[in-house]
Amino acid sequence: MIFFKKHTILNIVTVITVTMFFSCKDNFKEVQKIGVSENEPIGIADTFNLKYTDSGRVKAILISSKMLDYSNRDFPFSEFPEGIYLEVFDEDNNKSVVVADYAISYTKTDLIDLQGHVKLSTYKKDTLFAQQLYYDQSKEWLFTNKPVTFRMGSDKINGKGFDSNSKFTNAEVLEVDGIITVDE
């Protein structure tokens, strides 16, 4: 009887040990998330000035008073709740400026959503005003379906949408009205 009890206890301990061994899993990612809420940013940057360079040449300067980093989400993004000031330089070092009250940049789609008093000024003095403007970084394309005002030289074009490449070489204002100079 004592042998049977020892054997039964040994079997139970063995079963529990084996069960515990096989029930363990690699949950390192979940352990990293402990203490970090899914709805909170993983990082916050206050008052920063970011310079992007390529081969020793400055291509862009981004200034913002606050950036929230949500790279811990399944669909990562960076949010600029207090707006941005961005200077972009082309190959000839000509500067264009983008200003917005709010911006959000989606990492996976390369899409930037600019909102609230968006102003884009080119080195040629062309200026686009909009309440919202999207920029597709991979295609270098600007677009919106919100009202816009586009100033090009002495022309002031109002419309209900905008579509263009980043250099404004084929800018198109949708549903146009305004003062437009026409060559006869």
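Two strands count as paired if DSSP finds at least two bridges between them. Helices (H or I, at least four residues) and strands (E, at least two) are DSSP runs, numbered from the N terminus. Everything shown here is a predicted model, so local features need pLDDT of at least 70, side-chain atom pairs count only at pLDDT 80 or more, and totals for chains, interfaces and linings use all residues. Residues are numbered from 1 along each chain as its sequence is written, and side-chain values use heavy atoms, with hydrogens and water left out.

**View 1. β7 and β8 lie side by side as antiparallel partners.** Nine bridges join β7 to β8. Look for Leu114, which stands opposite Leu133 in β8. The hairpin of these two strands has five residues between them, and Lys125 takes a positive phi near 75° there.

**View 2. β8 also pairs with β9 and with β10.** Strand β9 covers residues 141–144, and three bridges tie it to β8 in an antiparallel arrangement. What stands opposite Tyr134 in β9? That place belongs to Phe143. The hairpin of β8 and β9 has four residues between the strands, and Glu140 in the turn shows a positive phi of about 50°. Towards β10, the pairing is antiparallel too, with four bridges. One of the partners to find is Arg151 in β10, which is bridged to Thr127.

**View 3. The largest nonpolar core holds 21 residues.** Such a core is a set of buried Ala, Val, Leu, Ile, Met, Phe, Trp, Tyr and Cys residues joined through side-chain atoms within 4.5 Å. Buried means under 20% relative accessible area, exposed means over 50%, and partly exposed is in between (1.4 Å probe, protein chains only). Which residues touch the most other members of the core? They are Leu114, Leu128 and Phe162. Two or more residues come from each of β5 (95–100), β7 (111–121), β8 (127–136) and β10 (148–152). β7 gives the largest share, four residues.

**View 4. Leu114 and its contacts, leaving aside neighbours within four places in sequence.** A contact means heavy atoms within 4.5 Å. Leu114 is in contact with Ile84, Val98, Ala100, Tyr102, Ala103, Gln131, Gln132 and Leu133.

**View 5. Ser105 sits in strand β6, residues 102–106.** Is Ser105 buried or exposed? Ser105 is buried, because its relative accessible area is 18%. Apart from neighbours within four places in sequence, Ser105 is in contact with Phe77, Ser78, Leu111, Ile112 and Gln137.

View 6. Rings of Phe, Tyr and Trp (its six-membered ring) pair if their centres lie within 6.5 Å; planes under 30 degrees apart count as stacked, over 60 as edge-to-face and the rest as tilted. Phe48 and Phe80 make a tilted pair, because their planes are at 40°, with ring centres 6.2 Å apart. This pair links distant parts of the chain: Phe48 is in strand β1 (residues 43–54) and Phe80 is in strand β3 (residues 77–80), 32 residues apart. Phe48 is buried at 17% relative accessible area, and Phe80 is buried at 7%. Tyr134 and Phe143 give a stacked pair, with 5.3 Å centre to centre and 20° between the planes. Tyr134 is partly exposed at 21%, and Phe143 is partly exposed at 29%. Elsewhere, ring pairs link Tyr70, Phe75, Phe77 and Tyr106 into a cluster.

**View 7. Two salt bridges turn up in a search of the whole structure.** Side chains of opposite charge can pair when their charged atoms come close. Here, a salt bridge is a side-chain nitrogen of Lys or Arg within 4 Å of a carboxyl oxygen of Asp or Glu. Asp54 bridges to Lys59, with the closest N and O atoms 4.0 Å apart. Asp54 is partly exposed at 37% relative accessible area, and Lys59 is partly exposed at 27%. Lys95 bridges to Glu87, with the closest N and O atoms 3.6 Å apart. Lys95 is partly exposed at 38%, whereas Glu87 is buried at 13%.
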